[in-house]
Amino acid sequence: MTFSDLGINPAIVQALEGNKIFKPTDIQLKTIPHILQHDEDLVAVAQTGTGKTAAFCLPILQKIDPNVGKIQALVLVPTRELGQQVAREFFLFSKYLSRIFAEAVYGGAPIEDQIQKLKRSTHVVVATPGRLIDLLERDAISLQDLKYLVLDEADEMINMGFKSEIDQILKYCKKDINKMLFTATMPADVKQLIREYLHPDFVEIRIHAEEFINQKIEHQYLIYKQGEKLDYLKAFLSEHKDQRGILFCRTKTAAKRLAKQLAGFEVTADALHGNLNQESRDKVMRGFKKGRINLLVATDIAARGIDVKELDYIIHYHLPEKTDQYTHRSGRTARAGKSGVSVCFVKSENLEEIKALESELNIQFTLLSVEPVTDAGLNTPITIYMNMGFAQSFTKNNIPEFLVEEAGLNAADIKNVVVEDSRSYFDVPANCEQQIFINLKGYKLFHRNLKLSLDAENSKRNIY
Ligand code: AMP
């Protein structure tokens, strides 16, 4: 079965082929003919990585009237990254439909630019809920001619607390628009959303339960010992040196610290979390997409909607709090027909969490045995000169805190702290040395750069 067989017109097929997309995926096989031929509301249960974006994007592109320069289709998405990704697919696949235009609007970027862009003829808008409401309230956008509304990753939108925003947006739309809801999971509040807003005769399309979790993903778990988690991680990463992946943490602080703890190690890691501004996020994502960074240390929210092809692995450094989070996280690998591994870090006493994932998602985990990197080598004596001593209120206790926070060290690794009037000494394992130098190079305290060196006798380098 080809896209032409499904009724997709030659101009779109040409654009698909230009992007090396030749054969429809399961969800595309089911949704495309339906959306093309019917105006019934639709619920599609499909996770990221199954080709769900093209599943709605292609038939919508085909149904839009290019002669009506008004917004005819709106796609609501939970995050700006997903918004950019969806808009990109509209852009790529409309390459030979020269008169159809799509715009993405999302928070974290200047609203004025988006207002200007919306003044041009626009047929499709991809939006995050908060920014769209802002634009609606400023009369910068009109949904009066809207015909198609897609709620993409509806479960994530509800998880992120966007229900009231969705309610508000729907008040700006006509009652008879055609609604399509895409979701990876079907919790009670998504069912409620469907009851409230979709026509009672909506059609539900599911990819088979066994395909619900991408079959190309190999699920593994790794049992680590308390206090040695980082060593196990390093061992895993050593074995996946030339590969790319995402590591998930539960908190922003953990993501930030872990990225620092990996500084100077064999992989290039960077953190993606909610405290970064748009510019820094884009920079991290560019580095990751271009391959300058091979490990993204991310929180769940920050990583939503990320579409990076050819990810080899996903690490659940902290287990997900909910089952559907596991689906979302691991769905970042094994995309578009490729395979990938999804590895959970667990302590032996928490193995029942793996069992729960197995039974709820109908998947099988295998044990991954890894020898932790524990040979830390001899202690390396390090001196911080400067303005870092008693005179600046540093003490034996807060020096380790500073090093944990700013250099990403493990508190347990910092030994023999000695504080003098304006300098401090401490010992760390040899394999932390590079990490300290990388993270603290150029660090300013009281307007002066920290000056670090290995202990005087064997000092070969100084960093100013
Ligand atoms: P999605 O599930 O929408 O996040 O899509 C995952 C990735 O698969 C995107 O990079 C799409 O461009 C790509 N893709 C979509 N449809 C196909 C297809 N039929 N064959 C190969 N790749 C596809």
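These are my notebook entries on what I looked up in this structure.

**Entry 1: ground rules.** I am working with a predicted model, in which local features need pLDDT of at least 70 and side-chain atom pairs count only at pLDDT 80 or more, while totals for chains, interfaces and linings use all residues. Residues are numbered from 1 along each chain as its sequence is written, and side-chain values use heavy atoms, with hydrogens and water left out.

**Entry 2: the whole chain.** I began with the overall extent, and found that the C-alpha atoms of the chain fill a box of roughly 80 × 50 × 40 Å along the principal axes. The chain holds 18 helices and 21 strands, where helices (H or I, at least four residues) and strands (E, at least two) are DSSP runs numbered from the N terminus. I noted three domains, namely domain 1 (3–211), domain 2 (213–367) and domain 3 (376–462), with bounds that come from an automatic or database domain assignment. The C-alpha centres of domain 1 and domain 2 are 28 Å apart.

I then looked up burial, for which buried means under 20% relative accessible area, exposed over 50%, and partly exposed in between (1.4 Å probe, protein chains only). Of the 464 residues, 55% count as buried. Taking contact to mean heavy atoms within 4.5 Å, I found that 74% of the contacts between residues at least 6 apart in sequence join residues at least 24 apart.

Entry 3: Because 10 of its 14 residues are buried, α4 is largely enclosed by the rest of the structure. Among those buried residues are Leu82, Val86, Phe90 and Phe93, and also charged ones such as Arg80, Glu81 and Glu89, where Asp, Glu, Lys and Arg count as charged, Ala, Val, Leu, Ile, Met, Phe, Trp, Tyr, Cys and Pro as nonpolar, and the others, Gly among them, as polar.

Within α4 I picked out valine 86, which counts as buried at 0% relative accessibility. Leaving aside neighbours within four places in sequence, valine 86 is in contact with Thr53, Phe56, Val75, Val77, Val126 and Asp152. Its C-alpha atom is 8.4 Å from that of valine 75, which is 11 residues away in sequence.

**Entry 4: around strand β5.** Leucine 151 is in strand β5 and is buried, with a relative accessible area of 3%. What does leucine 151 contact, leaving aside its neighbours within four places in sequence? I found Leu76, Met157, Ile166, Met180, Leu181, Phe182 and Leu193. The C-alpha atoms of leucine 151 and methionine 180 are separated by 6.2 Å, although these residues are 29 apart along the chain.

Aspartate 139, with a phi of about 60 degrees, is in the loop between α6 (129–137) and β5 (148–151), and counts as exposed at 70% relative accessibility. Glutamate 153, with a phi of about 50 degrees, is in the loop between β5 and α7 (154–159), and is buried at 2%.

**Entry 5: helix α13.** The 13 residues of α13 (residues 278–290) should span 18 Å at 1.5 Å a residue, and the end C-alpha atoms are 18 Å apart, which agrees. Gln278, Arg281, Val284, Met285, Gly287 and Phe288 are buried in α13, and its buried residues pack against α4, β9 (245–249), β10 (269–272), β11 (295–299) and α14. After α13 comes glycine 291, with a positive phi near 90 degrees.

**Entry 6: cavities.** Searching the whole structure gave two cavities of 30 Å³ or more, a cavity being a set of points on a 1 Å grid over the protein atoms alone where a 1.4 Å probe fits but cannot get out, with lining residues having an atom within 4 Å of a point. The largest cavity has a volume of about 60 Å³, a volume being the space filled by probe spheres set on the points, which are joined across faces, edges and corners. Its lining is made of Glu156, Phe248, Asp300, Ala303, Arg304, Gln325, His328, Arg329 and Arg332. The elements giving two or more residues to this lining are α14 (300–303) and α15 (323–330), and α15 supplies the largest share, three residues. By type, the lining divides into two nonpolar, two polar and five charged residues.

Note on methods:
On a 1 Å grid over the protein atoms alone, a cavity is a set of points where a 1.4 Å probe fits but cannot get out, and a pocket is an open set with protein on both sides within 12 Å along at least five of seven lines; lining residues have an atom within 4 Å of a point. The expected span of a helix is 1.5 Å times one less than its number of residues.
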